[in-house]
Amino acid sequence: MTQISPSAVALVAEAGYPVRLRILLALEEREQSTAELAELLGVTFFSAVNAVNKLLRADLVVVVRIEQAAEHASTMRRVYANRHRGWAKVRDAFEEVAGTT
């Protein structure tokens, strides 16, 4: 089968960036803020924000709540979750294909 739907192409295009796929994998485990994602993944806050914003525009993640940040009483933070499930299967498929070389 050589055909792939436009929606599947869009998913692969947006999830194909390493930080974005790692964020999707992390959000499979639990809802998280960008600060939590940055710390978990060992990337800068800016990188996490940029990746999450791209995932939001691609409709792959959603804001599930806005809450007061524990660190700063006057700061609000967004908490994100995946719109779709199964990103670990995508990672495993990529790993399997990569292992065929």
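Contact here means heavy atoms within 4.5 Å. The model is predicted, so local features need pLDDT of at least 70 and side-chain atom pairs count only at pLDDT 80 or more, while totals for chains, interfaces and linings use all residues. Residues are numbered from 1 along each chain as its sequence is written, and side-chain values use heavy atoms, without hydrogens or water.

I'll start with Ser 33. This residue sits in strand 1, residues 32-33; strands are DSSP runs of E, at least two residues, and helices are runs of H or I, at least four, both numbered from the N terminus. Ser 33 counts as buried because its relative accessibility is 1%, the cut-off being under 20% relative accessible area with a 1.4 Å probe, protein chains only. Leaving out residues up to four places away in sequence, Ser 33 touches Arg 77, Arg 78, Val 79 and Tyr 80.

Next, the helices. Helix 2 (residues 18-29) and helix 3 (residues 34-41) have axes that come within 11 Å and cross at roughly 110°. Axes are lines fitted to C-alpha atoms, for helices over the stretch in contact, and angles run from 0 to 180 degrees between N-to-C directions. Helix 2 is therefore roughly perpendicular to helix 3, a label for 65 to 115 degrees. From helix 2, Val 19, Arg 22, Ile 23, Ala 26 and Leu 27 meet Leu 37, Leu 40 and Leu 41 of helix 3. The contact has seven nonpolar residues, no polar and one charged; Ala, Val, Leu, Ile, Met, Phe, Trp, Tyr, Cys and Pro count as nonpolar, Asp, Glu, Lys and Arg as charged, the others, Gly among them, as polar.

That is all from me.

Key:
Parallel < 35°, antiparallel > 145°, perpendicular 65-115°, else oblique. Buried < 20%, exposed > 50% of the residue type's maximum accessible area, 1.4 Å probe, protein only.
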